[in-house]
Structure formats: C-alpha cells, structure tokens
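Hello,

Here is the structure we discussed. My notes follow below it.

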Amino acid sequence: MSIRRLFPLLALAVVLCAAAATVGGPPGTGGELRFAVRAEPKTLDPHVVVDEPSQVVAYLTGGGLVRENRLTQELEPALATHWRVLEGGAAIEFTLRQGVRFSDGAPFTAEDVAFTIRRVADPALHSPLAETLRSGSGAIRAEVKSPTVVVVRVPNRIANLAGMFDGIAMVSSKSKTNPPAGLGPFVIAEYKPASHLLLRRNANYWKKDAAGRPLPYLDSIRLDILANRELEMMRFRKGEIHLLNGLEAESFDRFAKETPGAVRDLGPSLDSEQIWFNQVPTAPIPAYKREWFRNVEFRRAISAAINRADLCRLVYRGHASPADGPVSPGNHAWINTKLKPAAYAPQAARERLAKAGFRMQGATLVDSGGRPVEFSLVTNAGSKIRERTAALIQQDLAKIGIKLNVVPMDFPSLIERIMRTYQYEACMLGQIADPDPNEMMNVWRSSAANHQWNPNQKKPETTWEAELDRLMDEQASAVDPKKRKAAYDRVQEIAADQLPFIYLVHKNALVGVSPSLWNTKPAVLRPQTFWNVDTLAFNAPRGR
Amino acid sequence: MALRFLAKHAVRLVLTVLIAGLLGAALVRIAPAFGVSEQELDPRLSREFVQGQRPEPVGILRYYGQFLYGVAHGDFGESPSLQRPIGELLRERLPVSLENLAFGAGAGIVLGFLCAMVAVVFRSPLARAVPVASSTVLLSLPSAALGLLFLLAGWPPAMALTAVVFPRVYRYSAAVLARSADASHVLAARARGVSPGRILCVHVLPGAAPQLLAIVGMAISLGFPALVPIEAVCDSPGVMQLALKAAMARDLPLLVVLTMVASVVVLIGNAAADISSDVLRRES
Amino acid sequence: MLRWSAVAALLAILAAGLFANWIAPHGYADQDRESPNLSPSRQYPLGTDELGRDRFSRLLYGTRVSLLLAPAAAAISIAVAVALGGFTAYAGAGWARASSLVTDLMLSLPTILILLTVRAMLPLNVSALASIVITCVLIGALNYPPAARVIGAGVDALLKSDFILQARATGQSPGRILIRQLMPGIRPVLIAQFWLLVPVFVMAEANLSLLGLGVSEPMPSWGNLLRELENYSAIPERPWVLAPLGVLMVTVLCLYAILPSGEPA
C-alpha cells in the first residue's frame with residue numbers, strides 16, 4: 001500500500017482522536033489561533049474599514065452595542081443590554097451594560113457611545129459606517145440621557161435600525177491612542193506588514209462563560225498575510241493554521257477525501273452569481289444589440305437556455321444550488337418561497353426567440369434584420385470558477401445558435417466599463433449579499449449607481465422599475481416586518497419576471513475548521529468560522 | 001580619467017531614472033481605469049461617498065514635480081492602494097527582494113561559473129553533459145512555473161531565482177571560458193604539461209575575467225525582473241511582489257517609485273557590463 | 001545525426017499540432033458533461049478536465065497554438081532587436097545612446113500597463129485568430145530589450161572586426177555587409193536568443209489572458225493549460241494533468257536547443 005493511499009487513513013485517525021478529545025470535558029484555555037487573510041489590512045481604525053482584512057481585524061478587536069448571532073441570524077445584546085426603537089425607526093435608545101471596561105482599563109459609559117457616534121458621523125473621517133445610518137440628508141446625533149442610557153437619532157427612518165449597530169465598534173472617548181482603545185475580545189499586539197498581525201487577549205473583555213470564567217479562552221490570534229490560496233491550504237493541512245474561509249469546491253472535495261472532519265459544507269451562502277445585459281440608452285454599443293438586450297423575451301430565452309444544474313454539478317462540484325432570484329435559500333427570513341426555480345428549457349428558449357422576431361439561419365440565430373446574434377460577456381480575469389461558468393454558458397447558448405465571446409479582464413478595467421463608460425454588452429459577476437434588503441437599495445432603485453443594467457436614471461424608464469423603486473422605499477420605511485416582507489417578495493417576483501439580472505447559482509459556504517478547535521459553529525453569514533471567536537478554544541487544557 | 005568615466009555613467013544613470021519615473025507616471029495616467037475603485041461595486045456605499053474617495057485629477061508634469069520635490073526631502077508619498085507611506089514600504093520590502101536577489105542570483109552565478117570551470121578543466125563529456133542537460137531543462141520552464149515547483153517542494157523563493165539565473169550564466173560563461181581556453185598561450189601551457197588547475201587559475205580566468213564580470217551584471221539585471229513572478233507566486237514579501245499589485249490597482253505614486261527602483265537595478269547591471277567590457281577593450 | 005533526429009522529432013510534434021483536427025479524438029471545446037475529471041482511459045488518453053473536455057485533444061490543439069505563437073513572437077522580438085542593433089551600429093554614437101536609453105526604459109517600465117491600454121483600445125468581440133495574432137505581435141514587440149542588448153553587443157564587436165573593416169575598405173554597400181557578413185556572424189547569438197525567448201513567451205501568453213488579451217476560452221494553448229499549476233497541491237494526485245504538457249514543453253525546447261549546432265549547445 002502506497003503512502004498516498006495510507007494518507008487518508010492516517011488523517012482519519014488523527015481526526016477521530018481529535019474528535020474523541022472534544023467530547024465532554026471543559027474547554028482548554030490559552031493557545032494561539034492562527035488563520036490567514038489575503039492582503040494587508042488597509043487600516044486598523046475600525047470606523048473606516050472597507051476591505052476584508054481590515055473588517056476581520058475590526059471584528060476581532062471591536063465590541064458593538066448589539067451583535068448578530070450568525071447562526072440564528074437574530075440580534076443579541078452585547079454592550080447594550082436592552083434597546084428600544086423610537087419614532088418609527090428614526091431613533092433608538094440603548095441601555096448599556098454596567099461594569100464594562102475598555103482594553104486600557106477606562107470605564108465604558110454613555111459618553112463613549114456618543115463620542116463613537118460623533119466620530120463615525122464626522123464627515124472628515126469619511127466613515128462608510130455613517131453611510132448605512134445616513135439614508136438621507138441630515139445629521140446623525142447621539143444624546144446622553146444618563147451614564148447608562150443613550151439615544152441615537154438618524155435623519156430618516158431605517159427599518160432595521162438596531163441591526164446597523166452590529167458593525168459599529170465602540171471606542172473610548174478618553175483614549176489618547178489612534179485608533180482609540182476598544183472593547184473587543186482581542187487587542188492588537190504586533191503588526192509586521194506583509195507578514196502577520198498578532199492579537200492578544202483583552203484582559204478587560206466584559207463577557208464570561210456559563211461557568212463564570214472570563215472570555216476569550218484563547219491567548220492570542222495570529223493573522224498571517226497570505227495571498228496564495230494554495231499556500232494557505234498547504235499550511236492548514238500541516239496544522240499551521242486552523243481556519244479556512246471561503247473554500248473553493250475543488251479544494252473542499254480534496255480535503256473531504258483526506259481529512260473528512262476538517263471541512264464543512266454549510267449549505268447555500270447568501271452570495272449569488274449573475275449575468276446582465278447592458279441596457280443603458282447612451283451606451284456605445286450597436287443600437288440593434290441594445291434592442292435585443294432591452295427585449296424581455298430575449299432575456300427570458302437566454303435564462304431558459306442556461307443549464308444551471310450543470311453549472312452546479314460541474315463548476316461547483318455539487319456545492320451550489322441553481323439561483324432563481326436575488327435571495328438565496330440560505331436567507332431564511334427574506335426568500336420568496338413561492339417562486340419556482342428557473343428550468344433549463346432550450347426548446348422554450350427557441351420559441352421565445354421566435355416570438356421576439358429571431359429566426360434560425362442554418363445553425364446561427366439571426367434577428368429580424370438578418371444580423372447574427374453574437375455578443376461578448378466580460379468578467380474578471382483570474383477566476384477559474386467564472387471562466388468555467390462562461391465556457392458552459394458559451395456551449396449552452398451555441399445550442400440555440402448564439403455565439404458568445406468570453407472576455408476576461410482585470411478588475412479595474414471591468415469596473416470602469418460597467419460603471420463609467422458602459423463599453424460592454426453583457427457582464428458576469430457575483431454579489432456578496434447582506435441578509436437585510438436595506439443593503440440592496442442601491443441595486444434595485446433606478447436612480448442608483450449599482451442599478452447595473454441601466455444605472456443613474458433620472459426617472460424610471462419602465463413601469464416595472466418604477467414599481468421596484470416604490471417597493472424598495474416601502475420596505476425601507478415600514479416598521480412592520482410583515483409589510484417589509486410582502487414588499488420584498490414582490491421585488492423578487494418582478495426580478496424573476498423581468499430578468500434584469502439572470503441569476504445563475506448560489507454557491508455553498510465551504511469552510512475548513514481544524515479538528516483541534518472546540519466550540520466551532522461555522523455559519524453562512526460572515527465571518528463564517530470565527531464569528532464566535534470569544535468562545536473558541538483548543539481541546540487540550542493549557543494553563544495560563 | 002577613471003573619475004570622469006564614472007561620473008559620466010552616474011549622470012546617465014540619474015537622467016535615465018528620472019525619465020523612467022516620468023514615463024511610468026504617464027503610463028499609469030493613460031492606462032484604462034485610473035482612479036477606479038472596487039468600492040464602486042459595493043451597493044452599501046452611495047455614489048457621493050465613493051466619489052469623495054477618488055483622487056483629485058492632477059496634471060502629470062505637476063504631479064511629477066511635486067513628487068521629485070518630496071523625494072528630495074525624503075518623502076516618497078503615500079500609496080493610495082495600500083494606504084501606507086511608500087518610504088516605509090520600501091524599507092520593509094526592499095531588503096527582502098535584495099536578499100532574494102543576492103542569494104538567488106549569487107548562488108546561480110557561483111553554480112554557473114563552477115560548472116563552466118569544471119567543464120573547461122575536465123574536458124570529459126560527462127562534465128559537460130550534466131550541466132548542459134540541467135540548464136536546458138531549466139531554460140525550458142518559465143520562471144513562474146519554477147517558482148511554483150520550488151514552493152511545492154518547500155524550498156525558499158531565492159532558490160527558484162537560482163534556477164532561473166544558473167542556466168543562463170552557465171551558457172555564457174562556458175562559452176567565454178572555452179574561448180579563453182583555446183587561446184594559443186593556453187594551448188602552449190597545456191602542451192608543456194601544466195596542471196589543469198594551474199591552467200585555469202593562471203591562464204584562463206585572468207583572460208576571461210572582464211567578460212565574466214559582464215555576465216555577473218547581466219545576471220543581476222536579468223534576475224531582478226524574474227523576481228516579479230517568483231515573489232508573486234511564492235508570497236515572498238519583497239518589493240517586486242508589490243509591482244503587480246500596484247499595476248493592477250493603478251497606484252500612481254507606488255508605480256513611479258517601483259519603476260525608478262527597477263531602472264536603477266537594470267542600469268547598475270548594464271553599467272557593470274559596460275564598464276567591464278570597456279576595461280576589456282582597453283586591455284586588448 | 002543528432003541534428004536530423006531533432007529536426008524529425010520537432011517536425012513530428014509540429015505536424016501533430018497542425019493536423020490536430022484529424023488526429024485529436026475530440027474537439028478542443030467538446031464538453032462531455034457526463035464525464036468530468038476522468039482519469040486516463042482508452043476513450044480519453046489523458047483523462048478529461050472539469051467540463052468533460054478531452055485533455056489529450058486540448059494538448060494537441062494547444063501545441064499547435066503555442067508552437068506557432070511563441071516562436072513567432074520570439075522571431076518578432078529578434079527582428080526588432082536586429083533592426084535596432086543594425087541601425088544603431090551604422091547610425092553613429094548618438095543614435096546608439098538613444099537606442100540604449102529606450103531599451104533601458106523598456107526594461108524598467110511596467111509593460112503590463114501598456115498591454116492594458118492596448119486591450120482598452122481593442123473591440124470586445126475579437127475573433128480567436130485575431131486574438132492570437134495580436135498576442136503574438138504584442139509580446140514580441142514589448143520583449144525585445146534583452147535580445148537587443150545581447151545582439152547590439154554582438155553587432156558592435158563584429159563591426160570592429162578585421163573582416164568587416166576589410167569589406168568596408170573594398171567598398172561593399174552597407175546592405176551587402178549586413179546580409180553577407182554581419183548576419184552569418186551573429187547567427188549563433190540570434191539562435192541562442194531565439195530559444196531563450198520561446199519558454200518566456202509561452203508563459204507570457206498565459207499571463208496575457210489574465211488581462212483579456214491572450215488566447216481566450218475555449219481555445220487551449222500551453223500557457224492556459226499551464227494554469228493548472230495554480231492548483232499545485234493536486235498535482236501529485238493527478239500527474240497526468242500536467243506531466244505530459246511538461247514533458248512536451250521540455251522536449252520541444254531541448255530540440256530547439258539541439259537544432260542550431262547539432263548538439264546540446
């Protein structure tokens with residue numbers, strides 16, 4: 001028997017031993033958790049983060065008033081023990097936890113909350129967090145009612161106001177450092193650019209476990225800056241790092257064979273992959289092509305001609321589900337369950353095209369003017385997944401006589417084309433969605449820049465886009481969750497009927513978690529593997 | 001005379017570096033997607049917010065003037081894509097690249113010279129066949145592929161550079177030494193029964209020294225660009241790893257500085273080759 | 001003898017690529033969606049890729065593209081270098097300095113930005129043939145500097161040699177000197193440079209596809225087949241994915257190396 005054949009057995013033995021060690025017994029304290037981020041964090045200030053590595057650092061070192069349980073998708077008390085939404089969503093009152101101290105030892109009070117809100121709202125800081133709170137013009141204000149009660153007012157009503165405070169790390173008003181001292185489970189101990197970031201346990205962290213022991217259990221976290229995914233997986237295999245986020249299907253399957261207990265498929269994530277056609281009236285593309293793209297029957301035919309089941313099976317190796325709308329089955333609260341999945345129906349596609357005036361000329365589809373139907377699909381280069389998806393779609397469309405030219409290009413060039421010059425015909429990209437539809441306002445509203453197929457409209461050009469505008473406004477201001485749900489259900493119906501985006505798949509959330517870690521509860525919401533970092537521990541008890 | 005010669009090279013170096021910096025800046029500005037940010041795709045951020053993040057459009061000459069003024073005062077500016085001072089990035093990363101270059105190219109040069117010397121001294125087919133075969137195979141593999149193979153084997157990235165530099169150095173130095181060994185005075189020494197080691201040290205090497213020095217220069221100017229794919233695939237935190245990132249992010253200040261660094265290294269390599277060939281010419 | 005064997009082997013490989021339409025058991029884009037990721041078998045001699053495409057057929061078609069593209073690009077590079085070297089050798093010291101400055105600048109500038117600018121100027125619907133020709137011209141034209149330095153030095157040395165001085169003294173025209181004296185003199189340098197450039201261009205083509213320029217899907221080339229290297233930890237498990245390509249590349253380039261002198265230089 002070769003070593004290669006023996007390897008999975010050995011790995012299984014290691015996993016089983018590790019699993020045996022996790023059953024029962026108290027968690028060990030101490031130890032260093034290690035995982036990788038793809039790039040250097042651009043900032044260590046939790047209020048100005050936009051890139052993923054900075055978000056990871058902000059999550060691990062910041063403490064919010066509330067925290068969303070990534071598993072139940074419910075809000076839970078954190079630094080605030082209670083909250084009350086006032087004035088139909090234009091204000092919120094927080095009652096703060098007492099006896100909490102910042103990492104530098106200073107006590108946490110309502111003054112600190114007011115300071116944090118003022119800091120975030122300060123235009124000079126240019127904080128993206130203020131964007132989520134400021135849906136219209138006007139100021140964001142914080143009033144201190146007592147040392148433990150604070151009221152925050154926003155310019156317009158926000159349906160999910162409390163949820164917005166999950167990502168706002170509270171900072172100390174008395175701190176002299178920049179960024180100021182925080183309340184998260186870890187503090188930054190060392191930053192070696194291009195190499196790693198070391199976080200040390202915050203000895204003043206407020207949370208305790210059920211047995212009254214102080215959290216977090218871990219002593220430190222080391223974030224290695226590793227751009228190379230394969231290198232990251234090699235190190236995971238050797239046990240040098242303990243977590244893998246956002247695994248690709250191919251690697252997942254390889255790990256599943258080698259060390260079955262180390263990887264987990266969490267089911268459909270909230271992300272989607274989609275294509276859309278350029279419908280911008282002023283776009284520098286031939287007028288007849290724009291006419292095809294604006295024809296809903298053409299879009300429906302393309303959607304029907306794409307074999308989504310094959311995409312899931314071949315590109316994602318079964319770790320994805322066909323998409324029929326913007327909301328993934330993983331988003332239990334907002335999915336419209338009445339919508340039927342888009343079926344693969346090339347014959348129906350041909351019929352729709354015939355109805356729209358297209359006809360076959362030999363093996364080529366031509367439009368009513370006799371022009372062959374050929375268009376280009378731009379996507380970002382370097383993504384194997386998208387290149388394979390495009391190759392499959394290319395062949396699916398060839399079956400109905402359409403020639404598709406796939407053009408991968410570097411990301412900035414792609415963004416320039418789809419956001420500024422509109423020099424493209426069709427585009428394929430993914431969307432990283434938040435569970436709440438409020439985050440999608442800039443996608444569905446016709447006046448927004450992210451209304452990709454035809455952005456920045458002065459007034460809605462079609463009746464269905466006017467209806468989308470109305471429904472999105474309705475869900476954003478409605479306080480009654482049922483009304484919000486009904487409005488967003490209708491948005492999903494319109495999206496499925498008009499197909500401005502042709503949704504392809506919702507990929508599954510695939511993660512790797514070292515069997516030596518205890519109490520891991522990976523979830524589809526980000527950060528998938530370490531959202532409960534304060535209660536993660538290594539099995540072997542270590543003295544501190 | 002020698003001082004004037006060196007001064008001429010130094011002036012040429014400075015002028016070329018300045019022109020390279022200006023051209024680099026112009027290239028970034030005319031390349032598509034200058035000033036584009038990934039944040040534009042983030043549906044949570046408003047148009048106004050993203051526009052507020054965009055750099056102010058600035059004329060290339062004015063920008064370059066300001067940049068040179070900053071450099072003269074020890075300030076290289078800040079990289080917009082990494083949001084860090086470029087001086088700091090250079091301090092952290094240049095030593096890593098120089099170390100990769102010194103060890104990688106150094107080992108490649110030593111190995112190449114040694115193999116060439118062995119081939120000249122022991123004129124057996126075996127002494128030639130081994131380095132010829134290995135250098136042919138290595139030359140057939142692109143440097144990024146070599147980087148990946150070395151990474152897979154768990155060897156340091158500098159060794160991948162050795163694999164890039166060695167075959168080229170061997171090829172050229174073997175040819176140079178062979179020519180030097182065929183000179184009439186060497187053949188005469190051989191006929192007199194002088195030992196091969198003595199022939200190499202006393203007759204062959206001194207004659208070929210200037211050209212061997214030129215090969216060292218060539219290996220450096222060839223090894224530095226080869227570090228771009230190697231550092232990128234091996235995740236080695238050198239300055240060349242930044243080059244690709246900076247180009248992709250259209251990071252104007254960082255690219256200008258990197259272009260200037262690259263031109264300095266290329267020019268030093270070339271100058272070494274030129275100077276040694278000049279010396280050779282004068283001697284002959 | 002060795003030289004003729006090398007010629008025969010190289011021609012055989014080239015023929016296999018050129019006649020891929022007849023030799024390959026499947027089309028390069030044919031997807032057998034029920035048979036993805038297969039190991040080698042009689043039906044699929046090198047197995048299939050993720051989309052059920054026959055790896056053997058893709059290797060043959062890729063060989064055709066790369067065996068034509070990389071040497072053509074190398075020839076362009078050398079032609080540019082020879083033209084520059086020849087011109088500066090005749091035109092005098094001022095031009096020589098200017099040309100050397102341009103070469104140094106080309107070596108220092110981030111050529112990736114030049115490529116991006118070219119891509120932005122091209123239409124999106126470019127045919128496969130046009131994309132190959134553009135790729136070939138671009139990588140050839142942009143990568144001439146290393147060859148230019150070596151060839152320039154060679155030309156310079158030759159111009160100072162006795163036999164060229166003699167030819168000049170006998171009143172031969174510059175064109176005649178170039179063709180009858182210079183070209184044969186620098187031929188070994190040209191050939192050495194040529195096959196040093198070929199492997200570089202194989203990978204350059206793969207990198208270009210990352211900018212939307214190279215040989216695009218579903219057309220295979222050695223460069224984009226080599227991108228399987230990105231999943232390098234899977235290589236030992238499935239050696240048939242890359243080993244045949246690696247062996248073919250090394251063989252072809254070694255054969256190129258043998259051609260000029262009849263022995264492995």
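In chain B, the axes of helix α4 (residues 86–121) and helix α10 (residues 239–248) come within 7 Å and cross at roughly 120°. Axes are lines fitted to C-alpha atoms, for helices over the stretch in contact, and angles run from 0 to 180 degrees between N-to-C directions. That makes α4(B) oblique to α10(B) (under 35 degrees is roughly parallel, over 145 roughly antiparallel, 65 to 115 roughly perpendicular, the rest oblique). Helices (H or I, at least four residues) and strands (E, at least two) are DSSP runs, numbered from the N terminus.

This is a predicted model: local features need pLDDT of at least 70, side-chain atom pairs count only at pLDDT 80 or more, and totals for chains, interfaces and linings use all residues. Residues are numbered from 1 along each chain as its sequence is written, with chains lettered from A and ligands numbered from 1 in the order in which they are written.

α4(B) contributes B:L89, B:L90, B:R93, B:L94 and B:S97 to the helix contact; α10(B) contributes B:V239, B:M240 and B:L242. Contact means C-beta atoms, placed from the backbone, within 7 Å. Six of these residues are nonpolar, one is polar and one is charged. Nonpolar covers Ala, Val, Leu, Ile, Met, Phe, Trp, Tyr, Cys and Pro; charged covers Asp, Glu, Lys and Arg; the others, Gly among them, are polar.

Now the interfaces. Chain B puts 31 residues against 28 of chain C. α1(B) gives the largest share of the chain B side, eight residues. That side has 24 nonpolar, seven polar and no charged residues.

Best wishes

Conventions: Contact = placed C-beta atoms within 7 Å.
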